[in-house]
Amino acid sequence: MAIVVIPALLRKFTMGQERVDARGRNVGEIIDDLDRQFPGFRPHLVEGGDLKRSIAVSIDGELGTAGLLDKVADASEVHFLPALGGGKDCG
Amino acid sequence: MHARPGGLVTLHELNYAAPNSVAEAVQILRQHGENARPLAGGTDIIIQMRAGVRHPTHLVDVKKIPELRELSFDAKSGLKLGAAAACVEVYENRDVKRHYPGLAEAAHLIGSLQIQNRAAVGGNLCNGSPAADTTPALIVLGARARIAGPNGEREVAVEDFCVSPGRTVLQPGELLVQILIPAPAPNSSDAYLRLIPRNEMDIAVVGAGVALTLDGDKVKAARVALAAVAPRPLFVAKAGEALAGKKLDDASIAAAARAAMDASTPIDDMRGTAEYRKHVVGVLTRRAIKIAAQRARNAGKA
Amino acid sequence: MAEATSNRKFRVIGTRPIRHDGVDKVTGRAKYGADYSFPGMLHGKVLRSPHAHAVIKSIKVDKALKLPGVKAIITADDLPEAPNKMQQAGEMAINPSHLSRNILARGKVLYDGHAIAAVAATSPHIAEEALKLIEVDYEVLPPVMTVEAAMKPGAPILIPDLRNNEEGDKQTNVAQHMQFKRGDLDKGFKAADYVVEREFKTAMVHQGYIEPHNAVAIYNNDGQATIYCSTQGAFDVRSLSAQVVGVEPGKIKVVPAEIGGGFGGKTTVYLEPLALALSKKTGKPVKLVMTRSEVLRASGPTSGSTIKIKMGCTKDGKITAAQVWMAYEAGGFPGSPVVAGAMCILAPYDFENLLIDAYDVVVNRPKTAAYRAPGATNAAMASETVLDELAEKCGIDPLDMRIKNGVKEGSAHPAGPPYKRIGYIQTCEAIKNSPHYKSKLEGPNRGRGVATGFWFNAGMQSSATVNIHADGSASVVTGSPDIGGSRVSMAMITAEVLGLEVTDVRPLTADTDSIGHTDVTGGSRVTFATGMAVYEAAQDAVRQLRERAAKLWERKVEDVEMKDGKLTAKGNGVPPMSVKEIASKLGRTGGPITGRASVNARGVGAAFAATCVDVEVDPETFKVQILRCTVAQDAGKAIHPSYVEGQMQGGTAQGIGWALNEEYIYDDKGILRNSGLLDYRMPTCLDLPMIETIIVEEPNPGHPLGVRGVGEVSIVPPPAAVANAIYRAIGVRMTELPMSPPRLLKASLKRGGAADAHSAAAD
Amino acid sequence: MKKVLVEANINGETVEFLCEARQSLLETLRDVLNLTGSKEGCLTGDCGACSVMVDGRVVCSCLMLGAEAAGKNITTVEGLATGNQLHPLQQKFLENAALQCGICTPGFLVAAKALIDKNPNPSEEEVRYALAGNLCRCTGYDKIVRAVIEAAKAVKSGAAESRAGAR
């Protein structure tokens with residue numbers, strides 16, 4: 001079981017829950033599980049079969065680089081964040 | 001007048017002449033009238049042409065004319081300042097530094113070294129900017145402009161030279177030849193202060209020039225002029241009168257400063273608010289009076 | 001791994017060699033974008049909107065086309081219609097429609113200076129003449145210049161089809177709302193003994209690079225194109241120009257020229273697509289160079305902002321809660337750095353209860369681009385001055401206040417994730433122990449202020465190759481335009497790994513055909529991410545060198561190692577061999593050696609800085625003089641300390657300019673009044689003191705050499721530090737940037753503090 | 001189009017060239033004489049990137065006409081080094097990392113040359129005043145000011161050595 005911290009504006013899907021348990025070996029499977037628990041969740045994170053470019057994922061404090069394929073360990077802490085373009089246009 | 005820089009990289013088509021005499025210069029200027037303009041330091045005209053503010057087709061480089069480069073001091077007749085003499089030549093001149101420190105100050109404040117090495121005090125005057133630093137410094141010294149034209153020569157007091165932003169009394173065909181500054185009276189001196197947001201490069205938000213003559217602890221005569229707080233460099237007779245004949249103390253200085261504030265009619269713009277400018281007129285006038293007075297005392301001792 | 005590096009002894013890293021590109025730059029030989037020219041080259045110029053907000057009813061170019069020497073004119077109609085949704089362009093996500101409409105306005109102009117048409121002619125002068133002959137019919141609309149005006153119900157709408165994530169199908173100027181929430185705000189404020197609530201306004205400011213934007217494009221009749229330009233990211237120029245003009249990216253080669261400053265402002269495109277389209281249309285090389293007023297009116301400054309912040313703490317100075325509302329000007333199209341600002345504003349503090357609401361708002365100003373730690377400086381002006389006020393209420397030293405609340409390894413970032421190893425507390429302590437902070441500041445109207453700042457830094461993708469030459473020298477090739485001396489750092493890393501002298505390594509920045517994809521020089525990522533690629537490429541070369549040595553010595557590869565810069569065989573027998581020695585034998589042992597590496601760098605290390613400033617305020621004219629300034633910053637590991645200091649000093653200088661005099665000044669019609677360097681007032685060297693630097697080295701465990709990025713965070717603290725210093729000098733709390741003399745006078749009058757400054761003026 | 005024939009001494013060489021009356025000295029240097037070391041930053045005399053020396057005095061070449069160069073001695077950044085010997089200013093700029101992007105460097109070097117030619121040991125204040133017409137956005141000026149002060153010292157000691165050598 002990984003712990004997923006839900007972005008503030010998506011907590012309406014989780015009845016205000018900030019932290020949610022989810023099962024999965026990678027980010028994609030975690031999102032599948034979230035969507036199973038909270039239908040309608042996926043489209044806010046996934047587009048065209050890939051993690052939305054506006055979204056970054058942090059696994060145990062490390063920003064992922066493989067989108068849906070980033071590995072998630074059991075008891076990992078997963079955060080979904082807005083993606084910043086480094087020194088490029090942000091927001 | 002430092003107009004808003006436009007998109008132009010190249011200047012429009014131009015003719016360039018570099019005459020060796022006033023007569024020759026006047027002849028070219030008359031021939032082309034409104035379309036001709038003298039070129040001294042070029043630090044305003046070239047920017048204005050790029051900005052599309054002025055469109056001369058003929059530039060007359062007057063730097064090769066000896067009279068316009070003259071810079072000579074005589075204890076009786078005072079200073080002859082050729083219109084094309086660069087700021088650096090003016091403020092490095094021993095006589096100017098000694099007898100007209102306020103003028104040296106003003107010339108030293110214009111732009112950067114790169115600008116001071118090119119810009120002429122006469123050009124600063126002819127450009128007609130209300131914010132010109134050397135103009136108030138000249139006004140308080142009672143300087144006169146010697147103008148040559150198709151119908152001979154005439155003289156105009158510097159305080160009457162500028163008409164409105166970018167406009168002067170110069171008629172088509174006329175050329176500013178020299179600025180004539182009277183010899184300083186005993187126990188007299190001058191000072192010029194200006195406020196800019198940075199320590200260099202800016203145009204005056206406010207400038208204040210003061211010249212005064214002392215008679216013991218009394219003020220015999222005084223003149224005050226301001227930059228950047230009116231449509232033209234502003235001679236404030238009332239401020240001088242507030243000092244003349246009075247003992248030089250906080251009260252008389254405050255009265256002069258207030259007269260300067262009352263006379264100023266500043267606007268809000270990108271360089272400062274009207275509120276701020278009026279406020280600073282008072283501050284700088286007061287400070288300039290004190291500096292000029294101190295210098296006058298020293299001059300008396302010397 | 002960095003644990004090891006932190007106390008590892010280096011031979012080259014940490015020294016201060018002369019940069020390889022230096023001589024060209026001090027002799028005037030270095031070729032910047034505007035220095036390129038080609039036979040038959042045409043010169044382009046851009047027609048720009050004189051209105052802040054208007055509908056373009058028609059554009060007539062026939063008169064202009066008739067002018068002798070004019071070869072082509074393009075408008076938005078010459079560019080493909082682009083889809084209006086976020087999508088990939090190369091490696092970045094952009095809205096192609098917004099990008100295209102910013103390059104050439106389509107239907108509407110959204111800011112003073114918005115490009116409308118571009119002309120190519122045989123000389124710049126003819127091109128400029130032609131601009132005057134283009135007739136544009138406008139329907140002028142009311143300009144929307146502030147976030148307040150743009151968010152007001154019934155405000156004029158800039159982009160009719162703009163929708164946001166919350167208001168459904170409603171027309172709006174709010175492009176995005178982002179929120180960060182943690183804990184229980186009410187509980188937090190109840191627990192507070194002191195609460196400070198203030199509203200801040202910061203002005204739009206420009207990066208101020210001295211080199212205007214430029215581009216030369218050559219479109220060949222075989223459909224292959226080359227673009228020469230000064231850019232922070234050649235690969236992005238390729239993908240964005242391809243997108244706008246409708247050419248396959250693979251058909252474009254971008255050659256990054258020497259670049260005359262960028263600071264984030266050269267991470268996108270303006271002239272490149274125009275040069276490409278004009279060259280495509282004329283079959284000739286086309287060159288465009290912006291004037292300074294074009295740069296200020298129509299490139300990508302950073303947002304002005306409104307920030308409301310409420311922060312509470314206990315008597316003993318522990319922060320209990322903070323609430324933030326922030327809205328940033330995006331410019332004519334969405335994309336302000338407000339989300340970054342929201343993720344920075346509370347990032348240095350370790351506390352529980354927070355709520356941050358951030359709004360990205362379009363206004364009739366140029367589309368903002370990145371500027372050094374985008375969004376963070378506006379934000380720190382608010383949080384770091386309010387924290388200063390709280391410290392004062394608690395009677396706690398402002399640095400102790402920060403140390404008491406400061407984040408450390410394991411603390412949660414306001415956006416959620418825990419910090420890895422960081423050096424925030426260390427930078428605060430470095431200032432606290434500095435000769436500057438320990439010195440006594442004497443004299444009237446003088447004050448000392450401190451402030452701190454956070455920036456994420458970026459990883460992203462980089463490629464590098466290291467070539468070993470027969471004479472034992474090497475070259476290191478990357479795709480990162482060198483904006484502040486990064487090439488020498490890449491050479492130093494290579495030399496360190498290969499046991500060479502830095503002078504034996506030639507570093508260079510390659511074009512898009514000659515190196516693997518490399519993201520922009522931005523986000524302080526070059527020494528971190530490209531440095532990581534270079535380190536691994538050099539290690540790859542070492543691996544191959546060991547194989548060759550093993551061959552020569554008839555040993556097993558495992559028995560050969562690189563030790564102190566020499567190849568050595570385990571056990572005895574053969575004398576160690578330097579790279580120089582083996583280089584001549586490469587041909588006989590299998591040919592040349594090229595080490596290669598490409599990374600999508602993980603392990604980014606967060607950056608923190610702390611700044612201390614002494615000011616003197618003229619109590620009558622309210623002009624502020626900076627007397628002394630010290631900045632401490634965590635570099636992780638400083639590869640070339642001189643250039644690390646340079647980044648710290650440069651960022652600090654920009655922050656001070658932002659604090660005191662820099663601002664975009666628009667009139668009521670939305671026309672930029674100060675579009676030149678006379679009245680856009682960047683600091684001259686008479687406005688600054690020496691800037692003392694303290695490099696803190698808290699190694700980044702995510703980098704083989706412990707490197708963090710150092711390029712950005714130093715710009716973040718200065719405005720707040722100067723504001724805090726001004727307060728201590730004359731007792732006025734400034735809540736507006738810039739803190740120019742007229743604003744200071746106004747604030748003092750409001751406070752009545754300037755003893756009725758007006759009448760005081762005369763007396 | 002009116003062209004003007006100009007003869008001037010540029011970096012020690014007498015040069016004859018044709019330019020349009022409307023061409024600034026900066027355009028003339030860059031476009032006619034292919035001396036692209038002098039840079040265009042603003043065209044309003046506010047950044048100093050185009051600084052050159054005219055008869056020993058530093059000016060903005062964007063605010064002077066090419067035609068005005070007639071009979072003048074012009075020194076640009078390309079004229080600072082002698083053969084392969086860098087001028088001490090150039091050397092100290094390198095040693096002190098006094099440049100980052102380098103676009104302002106030519107202007108700074110020329111302005112600094114004009115200063116130390118006149119003032120062999122300038123104070124920090126004097127250096128800052130002399131360079132105030134040149135904007136640098138990368139360095140915060142710190143390392144530039146240090147480099148100029150060191151270069152002035154180097155020039156002096158260099159001169160001393162050559163005198164010693166003469167004896």
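Predicted model: local features only at pLDDT ≥ 70, side-chain atom pairs only at ≥ 80, totals over all residues.
Okay, let's start with chain D: its mean pLDDT is 95, and 95% of its residues reach 70 or more. pLDDT, by the way, is the predictor's confidence in each residue, from 0 to 100. For the complex, the predictor gives an ipTM of 0.96 and a pTM of 0.97.

Residues are numbered from 1 along each chain as its sequence is written, while chains are lettered from A and ligands numbered from 1 in the order in which they are written.

Let's stay with chain D. How is chain D divided? There's domain 1, 3-79, and domain 2, 88-166, with bounds from an automatic or database domain assignment. Taken over C-alpha atoms, the centres of these two domains of chain D are 22 Å apart. They do touch: 16 residues from domain 1 and 13 residues from domain 2 take part in the contact. Contact here means that the C-beta atoms of two residues, placed from the backbone, lie within 7 Å.

On the domain 1 side, strand E3 (51-54) and strand E4 (57-60) of chain D each give two or more residues. E3(D) has the largest share, with three residues. Helices (H or I, at least four residues) and strands (E, at least two) are DSSP runs, numbered from the N terminus.

Now, the neighbours. Chain D puts 42 residues in contact with 41 residues of chain C. On chain D's side, helices H2 (88-95), H3 (105-118), H4 (124-130) and H5 (142-166) each supply at least two residues, and H2(D) has the largest share, four residues. That side of chain D splits into 23 nonpolar, eleven polar and eight charged residues. For the classes, Ala, Val, Leu, Ile, Met, Phe, Trp, Tyr, Cys and Pro count as nonpolar, Asp, Glu, Lys and Arg as charged, and the others, Gly among them, as polar.

With chain B, 24 residues of chain B meet 24 residues of chain D. The chain B side has ten nonpolar, nine polar and five charged residues.

Last stop, chain C. Which strands form its open sheet? Three of them, in the order E6-E2-E8, with antiparallel pairing; strands pair if DSSP finds at least two bridges between them. E6 (108-109) and E8 (135-140) of chain C are the edge strands, each pairing on one side only. Two bridges join E2 (residues 54-60) of chain C to E6(C), and Ala54(C) has Val109(C) as its bridge partner in E6(C).
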